Amino acid sequence: MNPAALAAVALLLALAPPAKIPDAPDAPVFEQPPPGTPNLTGKWAMPEPITHLLTTDGKEPPLNEAGKAEYARRQAALRTGNRKIDPVSDCIMHGTPRLLYAPYPFLILQTTRSVNFVHEVNHTFRIIYWDKEFPEDPDPDYLGYSIARFEGATLVIDTLGLNDKTWLDYSGLPHGEKLRVRERYTLADPNTIKGSVTLTDPDYYTAPWTTSFVLKRQPGMSIAENVCTDTHRM
């Protein structure tokens with residue numbers, strides 16, 4: 001093709017309208033919550049990381065005999081410097097609710113379809129849909145199955161279907177596969193969330209118990225890369 005013809009083709013291509021990209025009718029639209037709905041979207045972190053959970057009145061959790069024995073075994077190992085007893089030392093996921101207590105920030109991304117938690121620690125994420133139903137017989141996993149709803153101005157997340165391979169906190173509090181977790185998040189002011197976690201586990205505790213926490217808003221919306229290795233203490 002001679003230079004004049006090439007130039008003509010180039011001109012036609014430049015003037016041609018761009019190719020239309022087909023619509024994706026099944027793609028979800030992630031809209032923001034309706035006006036008036038509390039919106040927790042942002043980056044959050046605990047001002048002081050919690051390593052050992054206590055009840056809201058400052059007492060030790062109500063461990064039963066099996067729970068006391070397992071907790072004592074883990075505590076004894078930690079006192080000797082044996083960090084390998086902690087599942088996260090092998091890069092196992094933190095689980096629910098321990099993710100909250102990891103000393104790293106996380107994002108809450110709230111839409112009309114779901115509320116999403118993106119944790120910096122080991123790049124862990126949770127996608128929690130509004131008013132979804134629990135499966136009848138869930139296979140236990142690390143983060144379980146969660147459902148979100150609002151009770152007034154409080155975000156409530158219920159979780160079940162957790163395996164027993166994680167700790168509740170960094171001190172080694174145990175749990176079994178019957179664990180149920182209820183998280184509550186309330187905006188106390190634009191930069192503060194006051195929350196609580198209620199834990200029900202008949203395998204290791206004599207009664208349900210509740211622990212509280214505070215989150216502070218962090219600047220920006222970016223989180224750092226954080227990947228667990230065998231030399232990276234999580």
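This is a predicted model: local features need pLDDT of at least 70, side-chain atom pairs count only at pLDDT 80 or more; totals for chains, interfaces and linings use all residues.
1. Residues are numbered from 1 along each chain as its sequence is written, and side-chain values use heavy atoms, with hydrogens and water left out.

2. Now the overall picture. The protein has three helices and nine strands; here helices (H or I, at least four residues) and strands (E, at least two) are DSSP runs, numbered from the N terminus. Of the 234 residues in the protein, 42% are buried. Contact means heavy atoms within 4.5 Å. Among contacts with a separation of 6 or more, 58% are between residues 24 or more positions apart.

3. Which residues of α2 are buried? They are Gly67, Glu70, Tyr71, Arg74, Ala77 and Leu78. These residues cover an arc of only 125° around the axis, so they sit on the same side of α2; the arc is that of the directions from the helix axis to the C-beta atoms. As background, an α-helix has 3.6 residues a turn, so residues three or four places apart point the same way. The face turned away from the buried side of α2 carries the exposed residues Glu65 and Arg79.

4. Look next at the two ends of α2. Asn64 sits in the loop between β1 (42–45) and α2. At the start of α2, a side-chain oxygen of Asn64 comes within 3.2 Å of the backbone nitrogen of Ala66. Asn64 is buried, with a relative accessible area of 16%. Leaving aside residues up to four places away in sequence, Asn64 touches Pro202, Asp203, Tyr204, Tyr205 and Thr206. After α2 comes Gly81, whose phi is positive, near 90°.

5. How many disulfides does the structure hold? There is one, counted as a pair of cysteine sulfur atoms within 2.5 Å. This disulfide joins Cys91 to Cys228, with an S to S distance of 2.2 Å. Cys91 lies in the loop between α2 and α3 (98–101) and Cys228 in the segment after β9 (209–218), so the pair ties together parts that are 137 residues apart in sequence. The torsion about the S-S bond of Cys91 and Cys228 is about -80°, so the disulfide is left-handed. Cys228 is buried, with a relative accessible area of 12%.

6. Finally, some backbone details to check on screen. Most residues other than glycine have a negative phi, and most peptide bonds are trans. Cys91, however, has a positive phi near 65°. His123, in the loop between β3 (114–119) and β4 (124–130), has a positive phi of about 50° although it is not a glycine. A cis peptide bond joins Thr96 and Pro97, with omega about 10°, and Pro97 lies in the loop between α2 and α3.

Conventions
Buried means under 20% relative accessible area, exposed over 50%, partly exposed in between (1.4 Å probe, protein chains only). A polar contact is a pair of N or O atoms within 3.5 Å; within protein, one must be able to donate a hydrogen and the other to accept it, and residues adjacent in sequence count only if both atoms are side-chain atoms.
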